[in-house]
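Dear colleague,

Please find below the structure that I am handing over to you. A summary of the findings comes after it.

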Amino acid sequence: MSASDRLVEAARAARDRAVAPYSHFKVGAALQTTDGTIITGCNVENASYGLTICAERVAVVKALSEGHHAFTRLVVVTDTEEPTSPCGACRQVLWEFAPDLEVVLANLHRITAVTTLRDLLPLAFNSHLLRRP
Ligand code: THU
């Protein structure tokens with residue numbers, strides 16, 4: 001099994017752990033670090049709705065909290081025929097840590113799209129804008 005296949009499998013397994021009692025829309029994510037480590041996430045919903053956390057942000061926050069800071073690829077898995085792309089909030093959070101990320105979208109059977117975070121977030125808000133002379 002290739003590294004890429006393992007990442008897709010990890011995202012599918014993470015999706016099974018989604019906590020989505022309100023939307024029933026389960027999402028799994030798997031981030032690959034530069035040293036090949038795989039960190040997964042699933043969406044975790046809340047009765048307040050607004051406090052729901054997406055799978056992608058769970059994965060990146062888990063990774064950072066475990067000391068991983070460099071990422072090469074993200075896989076997002078949902079049970080949809082069309083690609084499910086990360087929401088705007090997740091794109092912005094991922095951008096902060098991995099602007100060169102490859103983003104692979106997949107469902108339970110196949111890869112539905114391959115893109116990059118740079119293509120998903122053109123003219124992104126950048127932290128360097130906060131630095132003043
Ligand atoms: N969701 C994600 O986890 N990732 C996405 O990229 C899109 C949306 C979750 C949030 C919520 O639990 C459910 O999917 C429906 O919006």
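The notes below describe the sheet, the helix packed on it and the nonpolar cores.

This is a predicted model: local features need pLDDT of at least 70, side-chain atom pairs count only at pLDDT 80 or more, and totals for chains, interfaces and linings use all residues. Residues are numbered from 1 along each chain as its sequence is written, and side-chain values use heavy atoms, with hydrogens and water left out.

Five strands form an open sheet with mixed pairing, in the order β2-β1-β3-β4-β5. Strands (E, at least two residues) and helices (H or I, at least four) are DSSP runs, numbered from the N terminus; two strands pair if DSSP finds at least two bridges between them. Because β2 (38-42) and β5 (111-116) each have a single partner strand, one side of each is left without a neighbour in the sheet.

Strand β4 (residues 102-106) runs antiparallel to β5, and five bridges join the two. Within this pair, Val103 stands opposite Thr115 in β5. Helix α1 (residues 3-16) packs on the sheet, touching β1, β2, β3, β4 and β5; contact means heavy atoms within 4.5 Å.

A nonpolar core is a set of buried Ala, Val, Leu, Ile, Met, Phe, Trp, Tyr and Cys residues joined through side-chain atoms within 4.5 Å, where buried means under 20% relative accessible area (1.4 Å probe, protein chains only). The largest core has 22 residues, of which Leu31, Phe71, Leu74, Leu101 and Val103 touch the most other members. Helix α2 gives the most to this core, with five residues. Apart from it lies another core of nine residues, including Leu7 and Val77.

Terms used: Axes fitted to C-alpha atoms, helices over the stretch in contact; angles between N-to-C directions. Buried < 20%, exposed > 50% of the residue type's maximum accessible area, 1.4 Å probe, protein only.
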